[in-house]
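Work through the exercises below with the structure open. Each task is followed by a stepwise solution.

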Amino acid sequence: MKTKFSLVLFIGMFLATMGYAQNPIIQTYYTADPAPMVYDGTVYLYTSHDEDSTVNNFFTMYDWRCYSSTDMVNWTDHGAVASLKSFAWLDKTNGAWAPQCIERNGKFYLYVPIHGEGISVLVADSPTGPFTDPLGKRLIETDHIWQDIDPTVYVDDDGQSYLYWGNPKLWYVKLNEDMISYDQSIGQNGVVSTEMTTEAFGSHKGRDGKPGPSYTEGPWFYKRNNLYYMVYAAAGIPEYIAYSTSTSPEGPWTYKGFVMERAPHLAFTNHSGIIDFKGNSYFFYHSQELSGGEGFKRSTSVEQFEYNPDGTIPVIEPTKEGVTTSVENLNPFKRVEAETIAWSEGLKTKSDETVGVYVSSIDNNDFIKIRSVDFGKGAKKFEAGVASAQSGSIEIRIDEKDGELLGVLSVTGTGGEQNWKTLSTKMKEAKGVHDVYLVFKGEDKDLFNFDWWQFK
Ligand code: FUB
């Protein structure tokens, strides 16, 4: 509860000074190392997860989470889709670092580093899992296992896929078509070491005072308009984001400069992921904004940007506003998961076997904001799936947290915290496109659990 209080306090301070923001895009958990994947009209965002309680003043990371969005402003929480426990052979309890998921032939491959244990892969039939371990052992086996972190994967147009990774060097393998093995005929047992020259990766004075390439970790590898991009955390630590390009997936690379410079609210690490989605380009990264400056409690943010006409990436500013325009409106006349959130305060999510992920830890005045909700010609009724041992209510407001009150859904005890019931209320008619605020009221803590809602 103490952690929840400090999270709320920092969000409150942050909002009081900055007005309502969109970044960081996830407020219910600390999420780092964002890896977006576009699949079937939806962005799936895979993240690592900094625990609320940091152990031994170091990264405390046990699982990988997934969120999705079709509009780039509201994000649906799919929970922890994989964890260190997904690997039966592993006896480590910490070290779930930066993941990336990629789809091939209808299967989803989640590449994950486990700090000190190299890189492994999990496979699923759906982007949100369940993910299982196809190998029963790690995928990448080298003599520099502590440096084997931060995998990034791209399937080229000719079908050849590449897995790059590494800190402070950059290695790659050419994955076989099964995506869970690789061509052993190149490099050292299949592992190729990229030439780390100044021309390829810029230069920077290391902690030993000697100049070296600025590349540090967190590569993000992709192709756009026949140019290959390697975007990465540089000059660590603290890190900025830089990038290099090549006309070949195997280099040589040419250093191109900064993408995101250091800024006071960024963490000592940074880690990026870039996508094009519905005609726009988006840059994901992490900051330490939500935790009020704790580098082991990071949060994912996103900025929209435009490539320069020659394909170079402009320097991108980390902002509080983030993505200002949704790429589509949200339809409130079909069931919306309660964990679909543009901004929230004070809340967590949990999951159970009956309903999957739901919103929890609901206290008086906590709220969820959902952006760009299209009521069309009118909505007159609000329905919600809730479970509660106690009672409370949901105020339905538009445009501001204390904006026009359309109605109040009274949530009386449903007979238990997992005893799910559908409740509904009539409301003042709403028309057109609005941001919706669901504001929770009640006298106790943990008022009820909230699974879904819908307007009629
Ligand atoms: O999140 C743990 C590590 O911090 C990642 O693997 C690095 O990229 C850095 O973000």
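For sorting linings by class, Ala, Val, Leu, Ile, Met, Phe, Trp, Tyr, Cys and Pro count as nonpolar, Asp, Glu, Lys and Arg as charged, and the others, Gly among them, as polar. The model is predicted.

**Exercise 1. Describe the largest pocket: its volume, its central residues and the classes in its lining.**

Step 1. The largest pocket holds about 550 Å³ of space.
Step 2. Its lining has 30 residues, and Asn167, Thr216, Glu217, Ile237 and Glu239 are the closest to the centre.
Step 3. Sort the lining by class: twelve residues are nonpolar, twelve polar and six charged.
Step 4. Look for the strands. β13 (211-213) and β14 (215-224) each contribute at least two lining residues. β14 gives the most, with three.

**Exercise 2. Do the sorting again for the second largest pocket, and find which strand gives the most to its lining.**

Step 1. About 460 Å³ of space lies in this pocket.
Step 2. Of its 20 lining residues, Val38, Tyr154, Tyr222, Ile274 and Ile275 are the closest to the centre.
Step 3. By class, the lining has 15 nonpolar, one polar and four charged residues.
Step 4. At least two lining residues come from each of β1 (30-39), β5 (100-104), β8 (152-155), β14 and β18 (273-277). β14 gives the most, with five residues.

**Exercise 3. How many cavities of 30 Å³ or more does the whole structure hold, and which residues line the largest?**

Step 1. The search finds two.
Step 2. Ile25, Ile26, Gln27, Thr28, Tyr67, Trp75, Asp77, Glu339, Ile341 and Ser344 line the largest cavity.
Step 3. Five of these residues are nonpolar, three polar and two charged.
Step 4. Assign them to domains. Domain 1 (2-305) and domain 2 (336-455) each supply at least three lining residues.
Step 5. Turn to the second largest cavity, with a volume of about 30 Å³. Asn23, Pro24, His265, Tyr285, Ser287, Glu289, Ser301, Thr319 and Lys320 form its lining. That lining divides into two nonpolar, five polar and two charged residues.

**Exercise 4. Why does the radius of gyration agree with a compact globule?**

Step 1. A compact globule of 456 residues would have a radius of gyration near 23 Å.
Step 2. The protein has 22 Å, so the value agrees.
Step 3. Check burial. Of the 456 residues, 60% count as buried.
Step 4. Finish with the secondary structure: two helices and 32 strands.

Conventions. Residues are numbered from 1 along each chain as its sequence is written. This is a predicted model: local features need pLDDT of at least 70, side-chain atom pairs count only at pLDDT 80 or more; totals for chains, interfaces and linings use all residues. Side-chain values use heavy atoms; hydrogens and water are left out. On a 1 Å grid over the protein atoms alone, a cavity is a set of points where a 1.4 Å probe fits but cannot get out, and a pocket is an open set with protein on both sides within 12 Å along at least five of seven lines; lining residues have an atom within 4 Å of a point. Grid points are joined across faces, edges and corners, and a volume is the space filled by probe spheres set on the points. Domain bounds come from an automatic or database domain assignment. Helices (H or I, at least four residues) and strands (E, at least two) are DSSP runs, numbered from the N terminus. The radius of gyration is taken over C-alpha atoms; the globule rule is 2.2 Å times the number of residues to the power 0.38. Buried means under 20% relative accessible area, exposed over 50%, partly exposed in between (1.4 Å probe, protein chains only).
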